[in-house]
Amino acid sequence: MYTEKVMDHFEHPRNVGEIENASGIGTVGNAKCGDIMRIYLDIDENQIIQDVKFKTFGCGAAVATSSMATELVKGKNIREALSVTNKAVMEALDGLPPVKVHCSLLAEEAIHAALWDYAQKNGITIEGLEKPKSDIHEEEEEIERY
């Protein structure tokens, strides 16, 4: 069963769309379930995320986690955005069913992928940011074991 917040973000997603000439774009997917998530960041000269948009192909939980993830990073600096975890996304949505946890992993990884793209385009290193995975299927299997 989905929480009211999950349903709200699914039925009324925030920040849907694309950003032309985005500072960073991150695309990740999950080959196992077929979800694909793309996040666009507009980052200013002070490394503050001025705008964020997403496009997601997937289930209602994938749309809801994308929507919530964009809300959590908008207005934040890149360090704060990097610290947004899948757990933070799930908590902000008041939880997800266990079979939908992978959607929150997609959201976290899409943010990281967009930050990685931003760093690459600007020739900078963001401490703590590792090269993102394009498919979170392997990571999901690791989590399911615990």
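Buried here means under 20% relative accessible area. I need that cut-off for helix α2, which takes up most of this talk. Keep in mind that this is a predicted model.

Helix α2 covers residues 60–73. Eleven of its 14 residues are buried, so the rest of the structure largely encloses α2. Those buried residues are Ala61, Ala62, Val63, Ala64, Thr65, Ser66, Ser67, Met68, Ala69, Thr70 and Val73. What covers them includes the helices α1, α3, α4 and α5, along with β2 and β3.

Next, the length. At 1.5 Å a residue, α2 should span 20 Å, and its end C-alpha atoms are 20 Å apart, which agrees. After α2 comes glycine 75, with a positive phi near 85 degrees.

Now the packing against α1, residues 4–11. The two axes come within 8 Å and cross at roughly 90 degrees, so α1 and α2 are roughly perpendicular to each other. On the α1 side the contact is made by Val6, His9 and Phe10; α2 contributes Gly60, Val63, Ala64, Ser67, Met68 and Glu71. By type, the residues of this contact are five nonpolar, three polar and one charged.

Last, the cysteines. How many disulfides does the model have? The count is zero, taking a disulfide as a pair of cysteine sulfur atoms within 2.5 Å. For cysteine 59, the closest cysteine sulfur is in cysteine 103, 3.7 Å away, and that is too far for a bond. Cysteine 59 counts as partly exposed, because its relative accessibility is 22%. Cysteine 103, in contrast, is buried, with a relative accessible area of 0%.

Key
Residues numbered from 1 in each chain as written. Predicted model: local features only at pLDDT ≥ 70, side-chain atom pairs only at ≥ 80, totals over all residues. Heavy atoms only, no water. Axes fitted to C-alpha atoms, helices over the stretch in contact; angles between N-to-C directions. Helix = DSSP H or I, 4+ residues; strand = E, 2+ residues; numbered from the N terminus. Parallel < 35°, antiparallel > 145°, perpendicular 65-115°, else oblique. Contact = heavy atoms within 4.5 Å. Nonpolar A, V, L, I, M, F, W, Y, C, P; charged D, E, K, R; others polar. Expected span 1.5 Å × (residues − 1). Buried < 20%, exposed > 50% of the residue type's maximum accessible area, 1.4 Å probe, protein only.
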